[in-house]
Amino acid sequence: MRYCSTRGQVSDIPFQDAVLMGLARDGGLLLPESFPNVTDRLEAWSKLPYADLAFEIMRLFCDDIPDEDLRRIIAKSYERFRPVSETDDAGNADPQIIPVRDVGPVHLLELFHGPTYAFKDVALQFLGNLFEYILGKQKSELNIVVATSGDTGSAAIHGVRGRKNIRIFVLHPAGRVSPVQEMQMTTVLDPNVFNIALDGTFDDAQSIVKGLFRDLPFKDALHLGAVNSINWARILAQVVYYFHAAFRVMKRTGAKKVSFSVPTGNFGDIFAGYTAAKMGLPIDKLILATNENDILSRFFNTGSYSRSSVVPTLSPSMDIQIASNFERWLFLHAQGDAAQVRTWMETFAKTGEIKIEPLPGEDSLDPWLRAGRADTTQTLATIREFSEAYGYTLDPHSAVGVSVALAQKTDSPIICLCTASPAKFPDAVIRAAGEKATVKEPGIEALKGLPTRKFPLPNEIKKIADFVAEHCHDPASILR
Ligand SMILES: *Cc1c(COP(=O)(O)O)cnc(C)c1O
């Protein structure tokens, strides 16, 4: 499989290069040249355990990695997930790292049993192993620089801690991430991990990282790399659980098709579902759920993609202004016309708005996608309702997805993606449903009181660049 850019000036790239490139050099996003149709394999795949299913799906997209190596990378990526006990149809114990629970009118796909209790582990554990493998082959190194509002940073750190040839510099806004998120980052003391507590906001951190990447001589000299959700390998790892969940729910309910509700920020997770649909998984609807930061739900309901300002909500990982992966959908909607995508992106950069029409003969922008939003009141009400009616505690991100799902009518069972553990967001849970609804995770409790390390730095790009340059060649220096 080869990869090409949505902006048309990068093409014929093998998978491993696409992984290292992250963002395409022409500023676009990389996509596979085609989506393999797997309809005739669904029956056989539906019986596979998670790691084997992951192997079958991923090998179609990374044929430049030998099968045995790919199997090993996948096995390593999920060994740090905590299996949850379930019982299979025959009543035998059937531990699952990604369980599907039937709760009330929906099916909940729990994606948060990895090291940092959020779904980003599913992709970032894989990406960490993949980086180490590719760098080992190419005898190269990588210095990852990433800005985080909380979840991405900790999942990325846990994906690459202790690995050879990789260092990671994570900028978080000092004092503005939740206590759990901060502990998950700063209690990691491996010498290749540098937590920078930036004296600024998340937007400041983001703009410093973008500035460092724009300085191409600096970027090339220091082997800077990115782990944000535009990396195709992250999407690929997420495609797997759409198949896994659909197979299980179709078997349990006898349905021929399923729908998914996806709490959405950067459009990465739902694009993985879109990829599964394009490959032939029988998906009825993909329901895109946003909080008050609703640029995407407004777009799919009106055809106008228009910028507004970010408002902080109870689901901070979905508080985005511009959805970085949306360009992939635009490219497919334009039927591969990269010039059209460039025009749209330029117009959006200039005016803050683009208007897109449905394809000729269609009455909606996309036959698979539906969209809705849930505000803070609705999110809290959904957490309370699920706690009281079913004794199940949702985290605020997952609650946005469930809330929007319940407002939609579909002819198919709805699988709601649960993207974080409620144990990460105790304040929202208490506000919605009281102390009794809180959930404690031993892996989070155990972090309390551990030694931490972070580097407070001023909000100045020069200071950050100097820090990265100083530590990237001699990481052991921090231990002296
Ligand atoms: C990142 C994140 C999301 C949003 O996912 P996207 O791929 O950016 O759409 C939703 N929920 C949680 C808990 C997250 O960490």
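Two strands pair if DSSP finds at least two bridges between them; strands (E, at least two residues) and helices (H or I, at least four) are DSSP runs, numbered from the N terminus.

I'm working on a predicted model, where local features need pLDDT of at least 70, side-chain atom pairs count only at pLDDT 80 or more, and totals for chains, interfaces and linings use all residues. Residues are numbered from 1 along each chain as its sequence is written, and side-chain values use heavy atoms, with hydrogens and water left out.

**Strand E10.** I looked up E10 (residues 258-263) with its partner E11 (residues 283-290): the two run parallel and are joined by five bridges. Val-258 sits opposite Ile-283 in E11. I then checked burial (buried is under 20% relative accessible area, exposed over 50%, partly exposed in between; 1.4 Å probe, protein chains only). Six of the six residues in E10 are buried. In a regular strand, side chains alternate between the two faces of the sheet. Here Val-258, Phe-260 and Val-262 point one way, while Ser-259, Ser-261 and Pro-263 point the other.

**The five-stranded sheet.** Next I traced an open sheet with parallel pairing, in the order E9-E6-E7-E8-E16. Its edges are E9 (224-225) and E16 (455-457), each pairing on one side only. Helix H7 (residues 179-186) packs on this sheet and touches E7 and E8 (contact is heavy atoms within 4.5 Å). H7 makes about 155° with the direction of E7; axes are lines fitted to C-alpha atoms, for helices over the stretch in contact, and angles run from 0 to 180 degrees between N-to-C directions. Within the sheet, six bridges join E7 (residues 166-173) to E8 (residues 193-198), and His-172 stands opposite Ala-197 in E8. I also found H19 (residues 461-472) lying across E6 (142-147), E7, E8, E9 and E16, at about 155° to E7.

**H15 against H16.** How far apart are the axes of H15 and H16? I get 8 Å, with an angle of about 90° between H15 (residues 376-390) and H16 (residues 396-406). The pair is therefore roughly perpendicular (65 to 115 degrees; under 35 is roughly parallel, over 145 roughly antiparallel, the rest oblique). Among the residues that meet are Ile-383 and Phe-386 in H15, and Val-400 and Leu-406 in H16.

**Cysteines.** I searched the whole structure for disulfides (cysteine sulfur pairs within 2.5 Å) and got zero.
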